[in-house]
Amino acid sequence: MAEITSMGHSFGGSPDAHKNIFDLGEFVGDLTVEDDASSDDVSLDGLQQELEECKDDDVVANILSKGIKLREHTKGVENNLRKVELDSIQDYIKESDNLVSLHDQILECDSILTQMETLLSGFQTEIGSISSDIKILQEKSMDMGLKLKNRKVAESKLAKFVEDIIVPPRMVDVIVDGEVNDEYLRTLEILSKKLKFTDADPTAKTSKALKDVQPELEKLRQKAVSKVFDFIVQKLYALRKPKTNIQILQQSVLLKYKYLIVFLMEHGKEIYLEVRAAYIDTMNKVLSAHFRAYIQASEKLQLDIVTSTDLIGVEARSTSLFSIAREPLKNRSAVFALGDRINILKEIDQPALIPHIAEASSAKYPYEVLFRSLHKLLMDTATSEYFTILLSLSCFVILMAAFLCIYLTSCLFGRYLFCDDFFGEESIFFDIFSGPFAVIEEHLNTILPNSYDAIGLMLMILITHQHQLTMSRRRIPCLDSYLDKVNISLWPRFKVVFDLHLSSLRNANIKTLWEDDIHPHYVMRRYAEFTASLIRLNVEYGDGQLDLNLERLRMAVDDLLVKLAKMFPKPKQQIVFLINNYDVAIAVLKEAGPEGGKIQMHFEELLKSNTALFVEELLFEHFSDLIKFVKIRGSEDPSSPSDRPVTIAEVEPIVKDFANRWKAAIELMHKDVITSFSNFLCGMEILRAALTQLLLYYTRLSDCIKKIPGGSALNKDLVSISSIMYEIRKYSRTF
């Protein structure tokens, strides 16, 4: 330390002393650049490049700019470095005590850390020992948990096995001596589970306990099957008794004890088949009997509208002494006209008729009303049975429906589905309804061959179609085949009756049908009403074959009308007859609605062509000279050279004749039209057409006169066009 101090004192002297000690000249002597440049040991190669590299350095740039010599600058730098070194030594000397204290503290901390390391090593050893103990305990715990789980599983299986195979004394008492009630049903379910367990469980089959229990279970099964059979058969016999309240029976007993059938299906198949057969037999007979009774009661309500002689082309005269010449159409309108009978299609979903109520009111109905009512009852009954089978309703609700079918046809939904759920099969529905189907088919086979009502048959076809749509909306397919069969039986009969009408027109006796009357013939009215009825009914059904048959019928009536018209001696009468018949056909088709289509258009064309013929006949009757002249000579040009030119002498009689009697002739034409045509509006249209045509003829005559040399001499006898127009307007106002 003394050396350092003395060295510090020697360095820290005055500036002069410092200058004397560290004078660079004293160490290296006086050096010059020239001496260095001439020295052989020092090479100045690359100096210029180094100067270029250091030209951006501030210190080098400052030195070069001031022109300071290198030696001097070197001395200055060395002096500064030495000064800094001495200052740093002084600072360390001042802090020497603190450094000693810091060294002691570091040694003390090192001792403490050594003790801590020893302590922590001891802790680590103890923790390792505890971890081993915990691992051992964890393994023991897992082993105990596994044993406990296995024992619980074994206990639960054993408990379930004992519960499933044991036969409690209470169950024996209920099955053997108990009444069939709710407790009996619950006991049956328990017995069923035990029987299934002993039959299906492999453990039970190999157990020694089964040998003791199985005989007892078999005895209980036999006793339960016997008791259930007796109970169900008793209820079936009760259903056959007259005046049985079936609704209460099915709701309070059969629906409540539905599980009895399930038990028989699972554990008494032979007995189940006997019950099923008894149910089918009972239902079939009861339904058949009640549908037969309903049909017999409905037959008393039938209104016979059409007979085998009620055909379009059949002569309508009566052989009675006091009979009138033509059939009173208003009394026989329902034979060929649809009328209010179409309302049955709007009442398609109404309840079925109640025969005894209708009979009490002395009401009579066309057969299609009874047909709809019968099939409405069948649909509701079948729907009720269908849904009952599938929705677990009583399998015997159908008996209630059958019993009340004559009195009430209220909602009987839910029958067929019971056969699937209660009896486990849908085919039982068709076995049950085979009897009712046979009864209805037998009835239809009796009615249809004797039916000559084509409109009624078409209504029944549409009713069947609507019933098919109804069952489709209900998503019940049980009547599909039956309704298809009914539809197949209706169409051929309709075709037979339709062909009878067609044959009556084709083979009609013209002499017996002809009447010396130009007004509409009753055959044409029949045809128009019949066709309009079928067209209206076919709008929604859209049967193309029917349209073709109607076209055949139209051709036949056209031929018949022409033949009848030819029976009149005068062409004018023939035309009037045809116009009246075409007009009535168009009027009836229009009344039926806008569905007349091609047939209506056909008659309108015929009416138009025959109207033109009548106009010519009517005008020729009163103005024959005028019409002949206009048609033959009116188109000739009087000024052109001709062998026989038009002269005043030829025209004058025609002009004067027209001027003298044109008003009277128009009046006669008016009376003729009024008496000839049944339809006043049609007659006035024809009169107006005739007057218009007369005006055209007279205008052509006037034009021809103007071209004749000297024709102006006839102007005084010409009737003015305005006068003729006035008369036309006068008669037009009578519309």
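At what angle do helix 31 and helix 32 pack, and how far apart are their axes?

What we have here is a predicted model, where local features need pLDDT of at least 70, side-chain atom pairs count only at pLDDT 80 or more, and totals for chains, interfaces and linings use all residues. Residues are numbered from 1 along each chain as its sequence is written, and side-chain values use heavy atoms, with hydrogens and water left out.

Let's start with the overall picture. The chain has 33 helices and zero strands; these are DSSP runs numbered from the N terminus, with helices being H or I of at least four residues and strands being E of at least two. Of the 735 residues, 40% are buried, where buried means under 20% relative accessible area, exposed means over 50%, and partly exposed is in between, using a 1.4 Å probe and protein chains only. Among contacts with a separation of 6 or more, 81% join residues 24 or more positions apart; a contact means heavy atoms within 4.5 Å.

Now, back to my opening question. Helix 31 (residues 648-676) packs with helix 32 at about 175 degrees, and their axes are 10 Å apart. The axes are lines fitted to C-alpha atoms, for helices over the stretch in contact, and the angles run from 0 to 180 degrees between N-to-C directions. That angle makes helix 31 roughly antiparallel to helix 32. For the wording, under 35 degrees is roughly parallel, over 145 roughly antiparallel, 65 to 115 roughly perpendicular, and the rest oblique. Helix 31 brings residues including Val651, Phe658 and Met669 to this contact, and helix 32 brings residues including Phe680, Leu687 and Ile705. By class, the contact has 17 nonpolar, two polar and no charged residues. Here Ala, Val, Leu, Ile, Met, Phe, Trp, Tyr, Cys and Pro count as nonpolar, Asp, Glu, Lys and Arg as charged, and the others, Gly among them, as polar.

Helix 32 (residues 680-707) also meets helix 30 (residues 624-632), with axes that come within 10 Å and cross at roughly 60 degrees. That makes helix 30 oblique to helix 32. On the helix 30 side we find Leu626, Ile627, Phe629, Val630 and Lys631, and they meet Leu694, Tyr697, Tyr698, Arg700, Leu701 and Cys704 of helix 32. This contact has nine nonpolar, no polar and two charged residues.

Next, the aromatic rings. Rings of Phe, Tyr and Trp (its six-membered ring) pair if their centres lie within 6.5 Å, and planes under 30 degrees apart are stacked, over 60 edge-to-face, and the rest tilted. By that rule there are 15 aromatic pairs. Take Phe494 and Phe498: their ring centres are 6.0 Å apart and their planes at 35 degrees, so this pair is tilted. Both sit in helix 24 (residues 480-506), four residues apart, about one turn of the helix. Phe494 is buried at 2% relative accessibility, and Phe498 is buried at 0%. Tyr527 and Phe603 give us an edge-to-face pair, 6.0 Å centre to centre with 70 degrees between the planes. This pair links distant parts of the chain, with Tyr527 in helix 26 (residues 522-541) and Phe603 in helix 29 (residues 597-622), 76 residues apart. Tyr527 and Phe603 are both buried.

One last stop: Ser192, in helix 10 (residues 182-200). Ser192 counts as buried, at 2% relative accessibility. Which residues does Ser192 contact, leaving aside neighbours within four places in sequence? They are Tyr259, Phe263, Glu266 and His267.
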